[in-house]
Amino acid sequence: MKRKTYLLLPVLLLLSCFLPMLIFRLQDWHDTQKVYPFEQIYITSEITKKYPIISEIYASFYTQGENTDTDNQYLLDFSPAFPKEQEPYADIKSLYEQEVCTLIKKNILTDRLVNNEDNLYTIDFGTLLLRNRHLYNLSQIFSIEGTKVVSTSFDLLKESKKIIALEISNEAVDFLTKEDCKEIMYAMIQYLGLEEIEDWSYSENGYESYTAKLQLYCEIRNYGEGYSNFQTGVIPLGQHSLNNIKIKSAR
């Protein structure tokens, strides 16, 4: 009897050690097999009726990567485009010129940031892309000298005809500060016509509104080589974090 007891003791010890681990692994496996429904952020119909641009911002964000029938990109001479497409794309080019001028007037951008030397902003080259059914993108590369790339990129909503995101890389970005970013974000709120929403609040992640479920971000990234990169725009709340951003210029 004692011999059986001695034989069972190691078995019981092994079970006491490995059984809890086995149970935990079974629980983990069970949890990974679950399907968790994604709870979409709820926006009241009242605010979307008053500010239709909010719905379009959400639609453009959540259809990123969507295939479209006209997802070709055209140089701005439109020579690859079919004749029936050339006129609409020319209109979009003019709309971009108008909206960038508006951003300059509202002190969101400067002539220096957009590589403009004239009083009137014009677009003579670049690539125009229909990113998805809600959003156009205009990209321009002005020069490449080693790691120093001078470029701009603008996202424009099709229906609201507003620029909701931009990215710029050039020497002028190095002169922007955190305070500049704060002012730029609030000026973007005004440009988008959303300044009457009362609960805009400023935090380390930008301006946020829980009523509109939107977030304004602005960041200056320095990768150590080449020119710094400036980005600003509006996206659904909680989709952008500035925690790891390093501001090169702190003036």
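Buried, in this talk, means under 20% relative accessible area; exposed means over 50%, and partly exposed lies in between, with a 1.4 Å probe and protein chains only. By that cut-off C101 is buried, at 15% relative accessibility. C181 is buried too, with a relative accessible area of 5%.

Some ground rules. This is a predicted model, where local features need pLDDT of at least 70 and side-chain atom pairs count only at pLDDT 80 or more, while totals for chains, interfaces and linings use all residues. Residues are numbered from 1 along each chain as its sequence is written, and side-chain values use heavy atoms, with hydrogens and water left out.

Now the layout. The protein has five helices and nine strands. These are DSSP runs, helices being H or I with at least four residues and strands E with at least two, numbered from the N terminus. Along the sequence the pattern reads α-α-α-β-α-β-β-β-β-α-β-β-β-β. There are 251 residues, and 42% of them count as buried.

Next, salt bridges. The rule is a side-chain nitrogen of Lys or Arg within 4 Å of a carboxyl oxygen of Asp or Glu. The count is three.

Start with E97 and K93. Their closest N and O atoms are 3.1 Å apart. Both sit in helix α4, residues 83–105. They are four residues apart, so about one helical turn separates them. E97 is buried, at 14% relative accessibility.

Then R131 and D155. Here the closest N and O atoms of the salt bridge are 3.0 Å apart. R131 lies in strand β2, residues 127–132, and D155 in strand β4, residues 148–157. The pair therefore ties together parts that are 24 residues apart in sequence. R131 is partly exposed, at 32% relative accessibility. D155 is buried, with a relative accessible area of 12%.

The closest N and O atoms are 2.4 Å apart. R221 is partly exposed at 29% relative accessibility, whereas E219 is buried at 0%.

On to the pocket. A 1 Å grid is laid over the protein atoms alone, and a pocket is an open set of points with protein on both sides within 12 Å along at least five of seven lines, where a 1.4 Å probe fits; lining residues have an atom within 4 Å of a point. Grid points are joined across faces, edges and corners, and the volume is the space filled by probe spheres set on them.

The largest pocket holds about 370 Å³ of space. It is lined by 20 residues, and the closest to its centre are Q64, R131, D155, A165 and Y217. Elements giving two or more residues to that lining are α3 (52–62), β3 (135–145), β4, β5 (163–169) and β9 (229–236). Which element gives the most? β5, with four residues.

One more stop, strand β9. N229 is placed there. N229 is buried, with a relative accessible area of 9%. A polar contact of 2.8 Å joins the side chains of N229 and Q231. Polar contact here means a pair of N or O atoms within 3.5 Å; within protein, one must be able to donate a hydrogen and the other to accept it, and residues adjacent in sequence count only if both atoms are side-chain atoms.
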